[in-house]
Amino acid sequence: MTVHVFPSEIVSAIESRISANLYDRDHLLSREQIEELVRLASLAPSAYNLQNWRFIAVSSPEAKARLTDAAYGQRKVLDAAVTFIIVGQFPSHKALARRLEPSVAAGFMPREMAESWVGVISDTFDGKASASHDEAIRSATFAASFLIFAAQSMGLASGAMTGFEAERVAREFGLGAGEVPVMLMTVGRAAEGNWPQKPRVPVAELIEHV
Ligand SMILES: Cc1cc2nc3c(=O)[nH]c(=O)nc-3n(C[C@H](O)[C@H](O)[C@H](O)COP(=O)(O)O)c2cc1C
């Protein structure tokens, strides 16, 4: 059976995305452009709408130099217009109550439902570091993938990175208790010479139909 994929900007974005290694050093982004990237990333889903993430936008030469040092000298942090430290947060039932309030105020979420979700989050995560850490990673990773395609929609390249000293980044960039530096994401205008998207394992080897 042939599956017809309709022409879609989303499909082309997925098919053309690469992890950029080389960036145009002269290309900068305005504060508004950086904030628009974060707005789009924040539209990613998270369990119970926890939104347990925040973004440190590293774009000043001084901060880029510090982050490059903490990322084993990976040059792209210096060259990209901005590198986001994508911070995942341990779920907090107090934060969730605040985050659900706009849905209650908008009239589509019953208040009792919001309160029961807050209870579930408290039972599931309060005092449970391992489960909380997993959820921080899970949510921030979703936000990171939305950030990739937000960048793509603005004609920009991106690159996820976990090659960095997590403790050092947490210390130097002021992360708090219950915050994890999940990933770095370089964003900027690609320079010539990047590799194409690398080949993937065929679907037949990835999928199990049950
Ligand atoms: C979680 C994660 C961490 C990564 N860390 C790094 C990194 O520290 N340095 C780097 O050059 N590339 C890094 N990459 C990029 C991968 O090498 C790249 O996604 C993979 O080789 C596939 O290439 P493609 O995305 O261009 O198809 C990372 C990617 C992911 C998803």
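Predicted model: local features only at pLDDT ≥ 70, side-chain atom pairs only at ≥ 80, totals over all residues.
Residues are numbered from 1 along each chain as its sequence is written, and side-chain values use heavy atoms, with hydrogens and water left out.

**Val 169**

- Val 169 sits in helix H8, residues 166-172 (helices are DSSP runs of H or I with at least four residues, numbered from the N terminus).
- With a relative accessible area of 0%, Val 169 is buried (under 20% relative accessible area, 1.4 Å probe, protein chains only).
- Leaving out residues up to four places away in sequence, Val 169 touches Leu 67, Ala 70, Ile 85, Phe 164, Gly 174, Leu 175 and Pro 181 (contact means heavy atoms within 4.5 Å).
- Leu 184 is 15 residues from Val 169 along the chain, and their C-alpha atoms are 10 Å apart.

**Ligand shell**

- Residues around the ligand include Ile 18, Ser 19, Gln 74, Lys 76, Met 161 and Arg 200 (a heavy atom within 4 Å counts as near).
- By class, that shell has three nonpolar, five polar and four charged residues (Gly counts as polar; Asp, Glu, Lys and Arg as charged; Ala, Val, Leu, Ile, Met, Phe, Trp, Tyr, Cys and Pro as nonpolar).

**Ligand atom pairs**

- An oxygen of the ligand lies 2.7 Å from a side-chain N or O atom of Lys 198.
- Arg 17 puts a polar side-chain atom 2.9 Å from a ligand oxygen.
- For Ala 160, a backbone N or O atom is 3.1 Å from a ligand nitrogen.
- The protein covers 63% of the 630 Å² of accessible area that the ligand has on its own (Shrake-Rupley method, 1.4 Å probe).

Terms used. Helix = DSSP H or I, 4+ residues; strand = E, 2+ residues; numbered from the N terminus. Buried < 20%, exposed > 50% of the residue type's maximum accessible area, 1.4 Å probe, protein only. Polar contact = N/O pair within 3.5 Å; in protein donor to acceptor, adjacent residues only side chain to side chain.
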